[in-house]
Amino acid sequence: MITARSPRILWLLGTCSGLLLWLSASWLQQDSERQQLRNQQLREAELLVDNAANQLNYALLAGQAATELLLSDNGHNGQSAFQRFAPFILSDNTLFDFVATARRITPPQRLLYERQQTVILREYRDNRLTTAQPRPLHFPVEQQYPENSKALPAQLDLASQGNVEAALQRVSKTGRPAIALIQAGNASRLSAFFSARGRPGDQLLVMGINPGGLISTVPMAGDVFRPALPYRLRVLLKDRAQTVILDSVGLDHPPPPEQPALSSTRTIGGQPLIFELYPTADSDSSHHYGQDAAILLALVIMATLSGLIVRHSQHSQQAQRQRLQAQGTQNALLQQQLQQQQQQEDGYKQTILRLRAIVEGSGDAILVIGRDGLIRDLNRAAEAMLGQSRDVLLALPAGALLSELHPAEPALGFEHHVAPRIGRPFEALMICSASQMLQVEVSLTHVVIEQDAVYIAVCRDISARKASEAALIQLKDSLAEQVETQSRQLSALLDASPMAMAYIVELEFKQVNHAFLELFHRREDEIIGQSTRILYDSDEHFARTGRQVYPVLHSGQVSQGEICLQRGDGAAQWVYMYGKAVSADKPALGSIWLYQDISAQRTAEDNLRHAKELAEENSRAKTEFLANMSHELRTPMHAILGFAEMGQNRVERVAADKLRHYFERIHSSGTRLLTLLNDLLDLSKMEVGKMIYTLAPCDVGQVAREAVDELRGMAQRHDVYLQLVVHGNAPLYAEIDAFRIGQLLRNLLSNAIKFSPAGAPVQIDLAIDTAANLCLSVRDFGPGVPAAEQEQIFNTFIQSSLTKTGAGGTGLGLAICREIVHAHRGRIEILPVAGRGAHFRVTLPRGSVGASEESA
C-alpha cells in the first residue's frame, strides 16, 4: 500500500541500489587498474634492467677508451698520463667513482718489485691488512685517484680475492674487460678491469663503478641506491658461486626468500650477468589500505552529496556548455599557432638538412662539443678518421680524443681552457681506434644557437704534411750532420796541431783548438764568442795591434810578428803570431791565426840580459868592495905604521903616557884590521860550507847584553843610546852557537850605530812568538833601506844606496848575518816601518829547549 512516504522510501532504495552498483563497479575497476599497474611496473622493471645493462655496456666502452688514454705515454711536465687525465675522466662521467692501476707480477718478480718500490704487497685477512701470501700471480694496486676514504689501500694484492683474480686473469689473457666486486675490509667496491689494447703489457686499469649511476632516474644514498619502483634489483655473476655484485637495498641484506618476479641473463663485455627483480613486501598491502580508505570516504561523500546532485545538475550542464564554447574558441587559436609553429619547424628542418648535408660532405672531421666538454654531434668524416662508430663517440670528453682540448685544471672548466684557442688554428694529436695517434690541425669556433653555446672543432688530417715536413727536417738534419762531420774533422785537425790556432770573425773568436786553450790558460766557454780584446793588457795595445795587422790581412798577405799577450791568469805570454784572411775580398769570412809560444826564447833572452846586468852589478860591487877594502885596510895600517914610527923616533924623549897612547892606537888599529880579516875568512868559510857551529842551550838574553855592553862605547862616541828589552821574566834559552849569534848582534848593532843620527835610540827586543820561536829585532832611525833593495842588501859586497855616505863598511856584515841565521835554520828579514829607519828581525827555532818547554 502506497502512502505519502512511499516516494521517499523509493528514492532511498534507489539511492542505496545505485551506491551498491557504483561500489561494485568501482571495486572491479580498481582490481583491473591494480593488474594494469603490475603489468606496467613489470614493463618498467624490464626497462630498468635494460637501462642498467646498457649503462654497464657504456661504462665498459667508456672505461676502455679511458684505458687507452690513461695507460698511454702522453705525459706532460713530468706527469704521467694517469696523473694528467684521471681527474678529468672522473669529473666528466658519473658512472665511475675511482680509478686505479694494477700491475701483473710473478712470484720471482715480487721480491725485485718490493725492493725497488720499497713496499710490501698486502691483503685482507679477517678484515685486517697483512702481508700478502705467495700465489701464482699478484696484482698489486699502484696509482689511484682520488686519494680519499674510498681509495683502495696502496699495494693491495687484488689476486687475494678469488672472483677478482679470475676477472684479472681473464682480462690479461683475452684483453676484454671484466666486472668483479672488490672487498676492501668491510667495504665493497663494484669495479671493472681493463687492459690497453694498443699496448698490451703487465699494467691494468681498475675503474670503480658507481651503482647509483647505472639507473639515471634513481637517486644515490651512499653506496646504496633505491629504485622508485616497488622492486628489489640484484645483479649476480654467472659463476659457480653466483657472486652478488649489486643489490639495490645493500649488499649486507640477506637474499629474498621468494622467487624473483623477473630474472634475465645479459652478456656485458663478453661476461654473463644475471639481473633479478623481487617485489617489495608492503607494496600490495599499502595499496589495498589506500583503496579501502578511498571507498569509505567515497561512501560518506556519496551519502552526503546525494541530495545535492539533482539540485546542481542543471547548473552543471549550463556551465559545461559555456566551457565547451570557450574551449572551441581556444582550440581554434591553438590550431592556428600550431600551424605557424609547424611552418617554422619545417623551415628549421630544411636549414638543418642543408647544413647537415654540408657538414656530412666535408672532408674534414667536424665535432660539435658542448660547454661541458662532451661531444654532442659529429660527421661521417670524423667517424672515419677516428675509426669508431657515432654511438661510441657521442658523450665522450673531447679531451679524450684531442690531447690539446684536455683541461690542465679541470676545476676551471672546459670553457676556460679553450677560450684562448678560439679562432686560432692549432695542432693536436687525435686519439683514434687501437690507440693510434693522428696529427691534425684544429680550428675551434664558438657558436650560440638559441641561447645554447656549443664549440665547433674542424679537424684536418695533416699527417701527410707532417711526413713531408719530417722528410725535409730529416734532409736538413742530414746536411747538418754532414756539416757537423766536416766541422768535427776540422776540429780534430785543429786539436791535433801542437800550435795554437784560432778562427776569428769580426774581432770575435769563433773557434780555437786545445793548444790555444793550454797556451793562454783559458776555458773554451771563456773564449768562444768573446772579443779578441781579452788577450791584450790595454785598449791602447789592442788598437795599436789592429792598426798594424789588418791592413796586411786586407791586402791578402800574411801578418806576422812578435807580440806580448795576456793569459787567463793575468800573466804575460810572448808569442810569434801569424795571421791570414780567409778571403781578402770578403772580410766577413774572418781570418785564421797561429800563435807560436816563444816564451822560453824570451825567457832565455831575459835571463841572459839579467845575467849580464847581474855580472855588471857584481863587477861594480867588487870594484866598490876593493875600494872600500883598500880604504879599510889602509886606514888601520897607516895608523899602525905611523904610531910605530912616532914611538920609535921619540922613545927616548917622549913621556910614558904618550907612548901608552901610541900603543893603544896601534892596538885598536890592529884589532880593526884583524876584524876585517876575520870577516873575510868567515865569509869564505861560509860560502864553501866549512864554517863550524857549536850549538848548545844558551841564555840569548845574556848574549844580547854582552854584545850591547861591548858596543856601548861606540854608541857613546856616535851620541846614540842603546835600549835592550827582554820580554818575559824567565831567561830566554835556545839551542844556538852563542859566539856566532853574538857576532850577528854586533854586526846589526854596529850598522845601526853607524847610520843613526845623533841623539837617536837603537832598540833591541828579545821575545818568544806564538810558535815558540826566538824573535830578535834591531830597530834604528837612520836612513833605512829602500824597498827595492831589501832583498839585495843581504848579498856580498852590496850596500844600500842610502848608506853610501862615507860612514864606512865593506858590504860583508849583512851577508855574514844571513849565513849565520840560515845555519841556525832561521830567517832574517827587514820589516816595513812608519817614518825613517830600518827594522831587522831575526827568527830562530829554539831547538830541543823549546820542545822540552812545550812538553812541560
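**Exercise 1.** In which loop is Asn513 found? Determine its surroundings.

*Solution.* The structure is a predicted model, in which local features need pLDDT of at least 70, side-chain atom pairs count only at pLDDT 80 or more, and totals for chains, interfaces and linings use all residues. Residues are numbered from 1 along each chain as its sequence is written, and side-chain values use heavy atoms, without hydrogens and water.

Step 1. Asn513 lies in the loop between strand E20 (508–512) and helix H10 (514–520). Helices (H or I, at least four residues) and strands (E, at least two) are DSSP runs, numbered from the N terminus.

Step 2. With a relative accessible area of 0%, Asn513 is buried (under 20%, with a 1.4 Å probe and protein chains only).

Step 3. A polar atom of the Asn513 side chain lies 3.0 Å from the backbone oxygen of Met499.

Step 4. Leaving aside neighbours within four places in sequence, residues in contact with Asn513 include Leu494, Asp495 and Met501 (contact means heavy atoms within 4.5 Å).

**Exercise 2.** Describe the open sheet of five strands.

*Solution.*

Step 1. The strand order is E4-E1-E7-E6-E5, with antiparallel pairing (two strands pair if DSSP finds at least two bridges between them).

Step 2. Strands E4 (141–145) and E5 (178–184) each have a single partner strand, so one side of each is left without a neighbour in the sheet.

Step 3. Seven bridges join E1 (residues 96–103) to the antiparallel E7 (residues 203–209). Ala100 has Val206 in E7 as its bridge partner.

Step 4. Helix H2 (residues 81–91) packs on the sheet and touches E1, E4 and E7.

Note on methods
Axes fitted to C-alpha atoms, helices over the stretch in contact; angles between N-to-C directions. Buried < 20%, exposed > 50% of the residue type's maximum accessible area, 1.4 Å probe, protein only. Polar contact = N/O pair within 3.5 Å; in protein donor to acceptor, adjacent residues only side chain to side chain.
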